[in-house]
Amino acid sequence: MVSARPAVQALPAYKPGRNPADLAREIGVDRAIKLASNEVAFPPLPAVVQALAAAAGASNRYPDNGALVLTEALADRYGVDPAQVVPGAGSVMLCQQLAQSYCDPGTSIAFAWRSFEMYPLLAQVAGARAVQVPLVPGRPDGAADTHDLDALAAAIDDTTRLVFVCNPNNPTGTAVRRAELESFLDAVPADTLVVLDEAYREFVTDPDVPDGLELMRGRPNVAVLRTFSKAWGLAGLRVGYLVAEDPSVAEAVRKTHVPFSVSSLAQAAAVAALSGDEEVRERCAAVVAERGRLTAALEKRGLEVSESQANFVWLPVGERAAGLAAALEARAVITRPFAGEGIRVTVGTPEEDDVFLAALDDALDAVP
Ligand SMILES: Cc1ncc(COP(=O)(O)O)c(C=O)c1O
């Protein structure tokens, strides 16, 4: 038998998310809803569908490996040099490229925990130590749901090559504010790269939550990750991007790019989406309004809900998480449980969220 590397053998096996059609069939209902992956419920913009149709005809050709048109559109949008921008096959792929570009065995990657599930896995694959800094309560008497930036800064040592700050944080939805993030960045050594993972930036409404791209200016050890998967509605196409203050960071990340991994369809769709940013803004505003309605409805039921700046809400239900999520699934609603900690629920359409709330009322009776 050919053995995989020990680090790979130790990785948990991939567990695909539940498919709503399969679940509906299994429990004998017409329809199940999925509020588990932080997608938006809106279909792609009409301009995106048109761009995809036009690009489909050239699918016999490889894509532009440098994604030049998209890179320039992003550079233009954010007022940076194209040399600072790297598109990738989803921002998760860029996370992996960062680890490949910066981490040798013996180095470390620091991040809050709980946070985006990929961070510990990509550290493990790179042979780097994952330094996980526990979240702290964001509100008095609240559950641990917020970055502890002082502890994160203290956890950095001379092995730390990368620090991920997921802002807003997945799965808790909480965000760190400008003053604390600025003092954190001031405290990080110049030879440690801070990656501000802003996958949910477009849903932020608190003016005190800084735009990472503004904070990055003048700080050569800071880079920002964003994605077209969430607000822009292109999760199925796999495209995200990194913007680095120091072009040498972008250059290093480009070197670990899997050739042609950003497809021509993804590139064309992302460029078309950028030209429809007004519509995207309106869609985000609708998601934010629904986030408020959903949060209020949950709080009315006596549940604690973290202060979300993203397109999902976090219910820190602790030991009840797995049982509650299973009871919701039995009622045709798929959420994302984290056993012993809580449940993450994507903000759906008002109609989907009403189905969720009715199922939750029932499930809370079953799993008190
Ligand atoms: C915090 C965070 N970063 C990155 C990603 C990856 O997004 P994608 O690879 O679809 O761009 C996700 C996806 O859920 C996320 O939650």
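Which side chain does Asp361 meet in a salt bridge? Select Asp361 and Arg301 together: their side chains form that bridge, at 2.6 Å from N to O. A salt bridge here is a side-chain nitrogen of Lys or Arg within 4 Å of a carboxyl oxygen of Asp or Glu.

Before moving on, a word on the model. This is a predicted model, in which local features need pLDDT of at least 70 and side-chain atom pairs count only at pLDDT 80 or more, while totals for chains, interfaces and linings use all residues. Residues are numbered from 1 along each chain as its sequence is written, and side-chain values use heavy atoms, with hydrogens and water left out.

**Stop 1: bridges on α12 and α14**

Stay with the opening pair. Asp361 lies in helix α14 and Arg301 in the loop between α12 and β11 (312-315), so the bridge ties together parts that are 60 residues apart in sequence. Helices (H or I, at least four residues) and strands (E, at least two) are DSSP runs, numbered from the N terminus. Asp361 is partly exposed at 31% relative accessible area, and Arg301 is partly exposed at 32%. The terms work like this: buried is under 20% relative accessible area, exposed is over 50%, and partly exposed is in between (1.4 Å probe, protein chains only).

Next, select Arg293 and Asp354. They form a salt bridge too, with the closest N and O atoms 3.0 Å apart. This pair links distant parts of the chain, Arg293 being in helix α12 and Asp354 in helix α14, 61 residues apart. Arg293 has 34% relative accessibility and counts as partly exposed; Asp354, at 39%, is also partly exposed.

Now look within α12 (residues 277-300). The side chains of Arg281 and Glu278 meet in a salt bridge of 3.4 Å, N to O. Arg281 and Glu278 are three residues apart in this helix, so about one helical turn separates them. Glu278 is partly exposed at 45%, and Arg281 is partly exposed at 48%.

How many salt bridges are there by this rule? The count comes to 22.

**Stop 2: the second largest pocket**

Arg77, Asp277 and Arg281 are among the residues that line the second largest pocket, along with Tyr78, Trp232 and Cys284. A pocket is found on a 1 Å grid over the protein atoms alone: it is an open set of points where a 1.4 Å probe fits, with protein on both sides within 12 Å along at least five of seven lines, and lining residues have an atom within 4 Å of a point. This pocket holds about 250 Å³ of space, a volume being the space filled by probe spheres set on the points, which are joined across faces, edges and corners.

Helix α12 gives the largest share of this lining, four residues. By class, the lining has five nonpolar, no polar and seven charged residues. Ala, Val, Leu, Ile, Met, Phe, Trp, Tyr, Cys and Pro count as nonpolar, Asp, Glu, Lys and Arg as charged, and the others, Gly among them, as polar.

**Stop 3**

**Stop 4: helix α13 and its cover**

Select residues 321-330, helix α13. Ala321, Leu324, Ala325, Ala327, Leu328 and Glu329 are buried there. The elements covering these buried residues include α2 (20-27), β12 (333-334), β13 (336-338), β14 (342-346) and α14 (350-366). After α13 comes Ala332, with a positive phi near 70°.

Thr346 is buried at 3% relative accessibility. Leaving out residues up to four places away in sequence, its contacts (heavy atoms within 4.5 Å) include Leu35, Asn38, Phe312 and Asp353.

**Stop 5: the cysteines**

Finally, select Cys95. Its sulfur is 8.7 Å from the closest cysteine sulfur, in Cys166, too far for a bond. Cys95 is buried, at 0% relative accessible area. A disulfide is a pair of cysteine sulfur atoms within 2.5 Å, and a search of the whole structure finds zero of them.
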